[in-house]
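My entries follow in the order in which I made them.

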Amino acid sequence: MFNISTYTNVLTRRFFHLQNHVWVDVTHHNANLPPLAIKSPDCLGLLYQINRNKDVWTQHYCVLKDACIYFYAGIRSTHAQGGIYLQGYTVSEQSFGSKRIVIEAKPPTEEFKTFYLCADDAADNKRWIVALKASISKWLPLHQAIHDFMTNPPEQTRM
């Protein structure tokens with residue numbers, strides 16, 4: 001997990017100069033909202049995320065919106081602690097250590113990190129997996145988004 005503001009700033013500089021792109025503005029805006037104030041979330045609820053350095057699972061209240069999971073300390077938080085932008089990721093169930101079944105979010109390339117998440121039970125894991133896949137599928141694949149951005153004026157680029 002990382003600071004969503006830092007991530008969007010790095011994405012802006014590193015990839016396709018998104019200073020004026022609507023997604024960056026919306027992501028910044030959503031990260032500064034309480035969890036229940038994000039309009040029309042794709043999914044919300046408690047998830048655990050593995051901290052590989054400490055080998056512990058940390059519980060967060062999470063909101064999924066437009067292939068981005070926002071992490072909150074709790075449902076009463078005033079802003080997100082961080083987030084994971086999942087455009088281009090693939091999502092599946094995997095076995096992982098002491099947790100029977102976890103959600104694996106695997107990146108499109110090895111330069112990005114694989115994330116492991118888990119809900120309280122198998123039914124909730126399945127609910128999150130369905131929501132994650134649907135949310136991610138709304139977006140163009142990363143290579144297509146980059147190609148479109150490079151070949152079309154910004155007002156014609158579809159994300």
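**Salt bridges**

K138 is partly exposed, with a relative accessible area of 46%. I use buried for under 20% relative accessible area, exposed for over 50% and partly exposed for in between (1.4 Å probe, protein chains only). This is a predicted model, in which local features need pLDDT of at least 70 and side-chain atom pairs count only at pLDDT 80 or more, while totals for chains, interfaces and linings use all residues. Residues are numbered from 1 along each chain as its sequence is written, and side-chain values use heavy atoms, with hydrogens and water left out.

I searched the whole structure for salt bridges and noted 3. The term stands for a side-chain nitrogen of Lys or Arg within 4 Å of a carboxyl oxygen of Asp or Glu.

K138 has D42 as its partner, with the closest N and O atoms 2.9 Å apart. D42 sits in the loop between α2 and β1 and K138 in the loop between α3 and α4 (142–151), so the pair ties together parts 96 residues apart in sequence. Helices (H or I, at least four residues) and strands (E, at least two) are DSSP runs, numbered from the N terminus. D42 is partly exposed at 25% relative accessible area.

E93 pairs with K126 in a salt bridge, at 3.1 Å between the closest N and O atoms. This one links strand β5 (residues 90–96), which holds E93, to helix α3, which holds K126, 33 residues apart. I read relative accessible areas of 31% for E93 and 46% for K126.

D124 and R127 form a salt bridge at 2.7 Å, N to O. They are 3 residues apart in helix α3, about one helical turn. D124 is buried, at 19%, whereas R127 is partly exposed, at 37%.

**Nonpolar cores**

I took a nonpolar core as a set of buried Ala, Val, Leu, Ile, Met, Phe, Trp, Tyr and Cys residues joined through side-chain atoms within 4.5 Å. The largest has 34 residues, and I69, L86, I103 and W128 have the most contacts inside it. Elements giving it two or more residues include α2, β1 (43–51), β6 (99–106) and α3 (122–137). Apart from it lies another core of 6 residues, among them W57 and C118.

I then listed the contacts of I103 (heavy atoms within 4.5 Å). Neighbours within four places in sequence aside, they include L47, V91, F115 and W128.

**Helix α2**

In α2 (residues 22–31) I found W23, V24, T27, N30 and A31 buried. Seen down the helix axis, the buried residues fall within an arc of 135 degrees (taken from the directions from the axis to the C-beta atoms), so they line one face of α2.
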